[in-house]
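Reader: I have not looked at this one before. Can you walk me through it?
Author: Here it is.

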Amino acid sequence: MKFWRQRKDEELEAEIRNHLDEAIRDRIERGESPDEARANALREFGNVGLVKEVTRTMWGWASLERLGQDLRFGLRMLFKQPGFTLIAVSTLALGIGVNTALFTGFNLLLRPKPIKDPETVVKLERRGGQYGSFSYAEYIALRDQAQSLSVWLPIYGDLFLMGETTTGVAPEVIEGTFVSEHYLSALGGRMQLGRFFSTEENRVAGRDAVIVLSHSFWQRRFAGNPDIVGQSLLLNGKSFTVIGVTNPTFIGLAMEMPDLWVPLMMRSAMLSANTEDFNGTHPDWFGKPEVHWLGLHARLQPGRSFAEAQTELQAVISQLPRTTKTQESKVTIELTPYSGQELRRESVRNTLALVLGASGLVLLIACSNLANMLLARTAARQKELGVRLALGASRLRVLRQLLTESLLLACLGGIAGVLLAWWSSEIILPWGFAKWDGRDFARMAMNTTPDWRVFSFAFLLTLLSGFAFGLIPALRATNLNLIAFIKDESAAFGGRFARSRLRNGLVVTQIALCLMLLIPAGLLLRGLSKALATDPGYAVKNLLVMEYSLEQSGYDQARAEMFHQQLQERLRSLPGVARVSRLNSNVKAATIVLPSERGATEQRFEPAPYRRVTAEYLATIGVPLVLGRDFTEEEARLSAPVVIVSETTARRLWPNENPLGKTLRAEQRLRNGDLKIDVPTAMVIGVARDAQTQRVGEIPPLYFYAPSEEKHPEGAFLIRTTGEPARLKEQLVKEALALEPVLRVYTPYSMEEAIARSRAVSETRSLSELTMGLGALALVLAALGIYGVLAFSVAQRSHEIGIRMALGAQTSSVQMLVVKQAMTLVMLGIAIGLPGAIAVAHVLRSLLLGLSATDPIAYSGVALLLLIVALIAAWVPARRAAHVDPMIALRHQ
Amino acid sequence: MKREYENRIDLLQGTLDLLILQTLQWGPRHGYVISQAIRAGSGEALNVDTGSLYPALHRLERKKWIKAEWTVSEYNQKVKSYRLTAAGKKQLAAERSNWERLTAAMAGILNPTEGA
């Protein structure tokens, strides 16, 4: 192509020379002198360079050729100013990198699941009835009758107690999943060691005690011991033989891999009782149709539509006989595609929009920084551009050249950004997932290597930002008053003035965008610290919770009750323990009804949360009574018709009256329409102080306590300690295991830990960390932007400053000039960004833990921060302004 | 000097192609000769700007309506002369009839009595 082009150029050259020669010859023949003839011929011909240029465009591949020229020229320009290029590329790399890294995280949800043909897998959910899961009978009926679905995958996840049950070693609670024998092959999984279970091993209920370990569990617990196959493990006190270990990429249908897989038919041998059936009898998992426990997935048969399958399943399920015990009105089956489930969850979509929106703001700030840098640079290149335009280059041509340069810059930034994102996502993502979702990254077998989605996202961002920061400076640079430029550079003052206004405008935009990130960050942070610092109404310090379950211990109800009591006594006698109360962690909700009184009608309120508590509960958790008395042990044992209401509740139900002695009842409407009385008409015997025991930072508008003893295999104790509770944790577990070695006991946690781990707090905390990180980035970029504009303006105004100083202005007043400019920019930015920030804060309202979305302290704090940062950014330019030498400045122009 | 150009008419958009093709009808010509021929043929009324002529020649060449050949001129110089191709002849006929219809229509509008 090069050769061809060279020849074409030479030909054109010859053609034009020829034309001129003949024109001259003609003129000489007509009697003009040779010199005159030459001059006239040239004048008549016109601009030779321009004719060539226009003619070349007719060759067709000219645009490609021009692109090559522009690229070469652009690269030369970038290499000529390595400092500028470095700052520009790293600014962009940060902006694009942050966005790409965060997108990589969300892309993990978009990627197809690591199973065979994930798009044909559907998830079945039981809706409309009393139960969400399917009974074994329903599963069998659906599997055998539905033609549009095949490869049925029943699944049930449970916790097991693994380990020695007789020695003093604490058993470990692990996660297992009951699956059918073709679970692995149907999902395209492979084995690392050994084999998966056979059809025969999943045929007879409770017969074949075999398990398959997941890769992460094998690594974690057995350090990848290759001799594990054939060994026995104790699960819930029963011996199981390990027959295989799955491949590291096999997760199954869940988000993360369980510790092990157990044949579905072994469910009945696991001694695990449903709390409802806690009477020593175990439910008939495979026989009784009212035992609902299975989650179902299946594959859509080729050629069958979603709607067909839906109709068919509906027909099958409605033909099934209903037992008398489960009086379900109408059961429907909801069919959803297995792929893309996470994205259909609204909370995930909201988080995605919020996070990418926030990181998008950072990129916008980075882009406006670059636009500012380019404006400054094109100002320096004005002469070059002016000459090119004056020599006849079209505006479009120069514009294209400048845009090519910015896109080149954007591409370099994009490449660096993708590399940065790739590197950082390996670190950030596991941390982020653990933080946000409490998920173990190693178990998710996620592939963080960027795929085509990540690359296209980054490419799109690169293109967009290239145009975003390049277009305005390029338009501005090519819109010149040519005559003024050719005559004298300094005469183009008007253009320059407009340009500085544009630069200031960009900085104001940056401040406004920055504010939209920093205000939410400030609000979240303040909401968090305020929620954690305010008195929650109960004594948070020195409070421990210990949870355990007797499910695996094979107790009947009486034996369990004895255990709870014995353990409570043992814990009470421990040194350092002040009080111990049984705890029902289950908070229920029911509608409060005030019975009719003196002819008035019944009064109903909205569903209110309430807690069943023992006689020691309020004293142990540290909620003081404002009026009346606490429950007695007698009342707790008999679940007597007495209640204690919260202060707010008392004020709301009986304003200006003595609540003691009043009566209320609590009931709820069941899904099948029946009315269930939760608390029969009971007398108020006490008023307790308002406490945030429900949700951090929130006092429920209605809340009450009813007395009851616990009758559950699940046990929990609330323990009030006299000193630092952390060192008691181990002792508590020891006491429990000393009473019963086959006990699923969880590590005790302090109330402070529970609050930190609570969904509300952890959500707010991770979001505040994210927005603070992005906000800090934005702040640094904005500070750079302010610095750049001020430095440029000081350089530009050095003449003016020189005159001022020559006329006797103090250095301090010159410095003030710069500082005032900085403050004006920040103030304008704050004023413009404020509505946006308020809007964002409004969206985040539910995450602020009770803090007002217009909290004045957060707003003024952020504004102050911005002003301080602007002052720091103005420092160097202000000093430079003060050191302007009037003589030099005046001589300069 | 300036006066010389005053009576000249600016070429209508697209008519230059027609003029070039028409000029080449009588045999191969090179750029200078084409411009002189158009100027002379129009009685000095039409002036062909070189900034339009050469791009037009290269465009027509690319469309394969004319073909360029390097020949030796009467002054023993290598010159690039253009020759009408078969496709070019067809194009010329089409553009001619277009032009005739256009001038007839224009005449009809400008001189309504003649048309009636």
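**Surface, cores and chain B**

Author: This is a predicted model. At 42% relative accessibility, Ile428(A) counts as partly exposed, because that class covers values between 20% and 50%.

Reader: Where does Ile428(A) lie?
Author: Ile428(A) is part of helix α13 of chain A.

Reader: Which residues form the nonpolar patch on the surface?
Author: The patch consists of Leu94(A), Leu420(A), Trp423(A), Ile427(A), Ile428(A) and Trp431(A). Together they have about 620 Å² of accessible area.

Reader: And which helix gives the most to the patch?
Author: Helix α13, residues 395–437 of chain A, with five residues.

Reader: Now the inside. How many residues has the largest nonpolar core?
Author: That core has 90 residues. Leu866(A) is one of those with the most contacts inside it, as are Phe469(A) and Val826(A). Helix α11 (residues 346–380) of chain A gives the most to this core, 14 residues. Another core, of 50 residues, lies apart from it and includes Trp285(A) and Leu335(A).

Reader: What does Leu866(A) touch?
Author: Leaving aside residues up to four places away in sequence, Leu866(A) touches Ile511(A), Cys514(A), Leu515(A), Leu518(A), Leu779(A), Val826(A) and Ile830(A).

Reader: Switching to chain B. How many helices and strands?
Author: Chain B has six helices and three strands. From the N terminus, their order is α-α-β-α-α-β-β-α-α.

Reader: How much of chain B is buried?
Author: Of its 116 residues, 34% are buried. The accessible surface of chain B comes to about 7,200 Å², with 54% of that belonging to carbon and sulfur atoms.

Note on methods: Residues are numbered from 1 along each chain as its sequence is written. Chains are lettered from A and ligands numbered from 1 in the order in which they are written. This is a predicted model: local features need pLDDT of at least 70, side-chain atom pairs count only at pLDDT 80 or more; totals for chains, interfaces and linings use all residues. Side-chain values use heavy atoms; hydrogens and water are left out. Patches are made of residues with over 30% relative accessible area and no salt bridge: like charges are joined within 9 Å, nonpolar side chains (Val, Leu, Ile, Met, Phe, Trp, Tyr) within 5 Å. Accessible areas come from the Shrake-Rupley method with a 1.4 Å probe; for residues, only the protein chains shown count as cover. A salt bridge is a side-chain nitrogen of Lys or Arg within 4 Å of a carboxyl oxygen of Asp or Glu. Helices (H or I, at least four residues) and strands (E, at least two) are DSSP runs, numbered from the N terminus. Buried means under 20% relative accessible area, exposed over 50%, partly exposed in between (1.4 Å probe, protein chains only). A nonpolar core is a set of buried Ala, Val, Leu, Ile, Met, Phe, Trp, Tyr and Cys residues joined through side-chain atoms within 4.5 Å. Contact means heavy atoms within 4.5 Å.
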